[in-house]
Amino acid sequence: KPERVVAIIKEEMDDIKRKYADPRRTELMVGEVLSLEDEDLIEEEDVLITLSNKGYIKRLAQDEFRAQKRGGRGVQGTGVNDDDFVRELVSTSTHDHVYFMTNKGRVYRLKGYEIPEYGRTAKGLPIVNLLKLDEGEIVQTIISQSGHDDNESYLFFVTRQGVVKRTKESEFSNIRQNGLKALNLKDGDELINVIRTNGNDDIIIGTKTGYSVRFNESAVRSMSRSATGVRGVNLREGDEVVGASRISDDQEVLVITEKGYGKRTLASEYPTKGRGGKGIKTANITEKNGQLAGLATVNGDEDIMVITDTGVIIRTNVASISQTGRATLGVKIMRLDQDAKIMTFALVEPEEEKGKTGEDLE
């Protein structure tokens, strides 16, 4: 009966009123309403961000890598296919911003916690799922930006055609989701590296025909984001930049040629001069060893991953490559198939030899 249903509802409501009809205990405030962001609910912790050569990215908690005794075997750091490897590894915090610089001169930014967390052995997520990259656009460099730095730092840009630009890192504090243009590129040019500097670092740039130029970054005035940049190296006809790094006299310069030759040279053999010069010889280029595939500065304890245009990858320790003078040929570090050539190489974390333990090394 509808009358009975209504009576029962009235009785239940009166019962609730008797139980809970006391004065309001919460205070209603009139004024600014503070919003609660995702970040407020996420604990701040130190993490590692890894990006593989094929574009898979993930976040790892740093405490997954416990400290081991010297000579330990290590743990599996990331799961990748045989034809892939970790190209970028950055230490940051879940609340810090991470910059992603692409070959098309754009910069994207994510918070550390926005990068999905995976286990040590997982491959990760394709980075195109996180960043709105254009067709043919690839991430060249990852840089962690901490909001706790007291000193003003700079981002130093180097392009394929030898253009360089230095901009204060603080100019990249506001970046839209679809990225921001970090520098204007001429037709056919592309960004090959971005280096964080302290305002007084030396930079070395290497070219395909075996020349290099070293200069102090102060030779490049600080410019705005919209600036095009200035000439860093005066390229010869048909030449292009293949590598750029920060350099100090206690380091070595590593060069590898297209036909598998490589060498290390003391950084002190590369004098600091002005920017925009044609450079000095960094390798003796012949028909036998081919043109330069890349240049980087090393400390001597890194591993390198060398990649050919046929997809073959070799991993070797930098210390196994002979140290010679600037204007030399180098030594064979990789045997190539006929017509194959080395496209590039990347420095990676050194890998412990399997089977070695602390006891084995004593």
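A residue is called buried here when its relative accessible area is under 20%, exposed when that area is over 50%, and partly exposed in between, with a 1.4 Å probe and protein chains only. The structure is a predicted model, in which local features need pLDDT of at least 70 and side-chain atom pairs count only at pLDDT 80 or more, while totals for chains, interfaces and linings use all residues. Residues are numbered from 1 along each chain as its sequence is written, and side-chain values use heavy atoms, with hydrogens and water left out.

By the burial cut-off, buried residues make up 44% of the 362 residues in the protein. The protein has 2 helices and 23 strands, where helices (H or I, at least four residues) and strands (E, at least two) are DSSP runs numbered from the N terminus. If contact is taken to mean heavy atoms within 4.5 Å, then, of the contacts in the protein with a separation of 6 or more, 75% come from residues 24 or more positions apart. The protein exposes about 20300 Å², of which carbon and sulfur atoms supply 45%; this area comes from the Shrake-Rupley method with a 1.4 Å probe.

Threonine 94 lies in the loop that runs between β3 (86-93) and β4 (97-102), and because its relative accessible area is 1%, threonine 94 counts as buried. Leaving out residues up to four places away in sequence, threonine 94 touches Glu43, Glu44, Glu45, Val47, Arg59, Lys111, Gly112 and Tyr113. The side chain of threonine 94 also reaches the backbone oxygen of glutamate 43 at 3.1 Å. Glycine 105 has its place in the loop between β4 and β5 (106-111), and with a relative accessible area of 0% glycine 105 is buried. Apart from neighbours within four places in sequence, glycine 105 is in contact with Leu180, Lys181, Ala182, Leu183, Leu185 and Leu191. The C-alpha atoms of glycine 105 and isoleucine 192 are separated by 9.0 Å, although these residues are 87 apart along the chain.

Rings of Phe, Tyr and Trp (its six-membered ring) pair if their centres lie within 6.5 Å, and planes under 30 degrees apart count as stacked, over 60 as edge-to-face and the rest as tilted. A search of the whole structure finds 3 aromatic pairs. One of them joins tyrosine 99 and phenylalanine 172, whose ring centres are 6.4 Å apart and whose planes stand at 65°, so the pair is edge-to-face. This pair links distant parts of the chain, with tyrosine 99 in strand β4 and phenylalanine 172, 73 residues apart from it, in the loop between β9 (163-168) and β10 (180-181). Tyrosine 99 is buried at a relative accessible area of 1%, and phenylalanine 172 counts as buried at 0%. Phenylalanine 157 and phenylalanine 172 form a tilted pair, at 6.1 Å centre to centre and 45° between the planes. Tyr99, Phe157 and Phe172 form one aromatic cluster.

Side chains of opposite charge can pair when their charged atoms come close. With a salt bridge defined as a side-chain nitrogen of Lys or Arg within 4 Å of a carboxyl oxygen of Asp or Glu, the count comes to 15 salt bridges. In one of these, aspartate 14 pairs with lysine 10, the closest N and O atoms being 3.5 Å apart. Both aspartate 14 and lysine 10 lie in helix α1 (residues 2-20), 4 residues apart, which is about one turn of the helix. Aspartate 14 is partly exposed at 32% relative accessible area, whereas lysine 10 is exposed at 54%.

Another salt bridge joins the side chains of aspartate 249 and arginine 214 at 3.1 Å, N to O. The two residues are 35 apart and belong to distant parts of the chain, aspartate 249 in the loop between β15 (241-247) and β16 (252-257) and arginine 214 in strand β13 (residues 211-216). Aspartate 249 counts as exposed at 53% relative accessibility, but arginine 214 counts as buried at 6%. Salt bridges that share partners join Asp202, Arg214 and Asp249 into one network.

Strand β13 also belongs to an open sheet of 4 strands, in the order β15-β12-β13-β18, with antiparallel pairing; two strands pair if DSSP finds at least two bridges between them. β15 and β18 (280-281) stand at the edges, each with a single partner strand, so one side of each is left without a neighbour in the sheet. β13 and β18 pair in the antiparallel sense over 2 bridges, and the bridge partner of serine 212 in β18 is isoleucine 280.

Methods: Polar contact = N/O pair within 3.5 Å; in protein donor to acceptor, adjacent residues only side chain to side chain.
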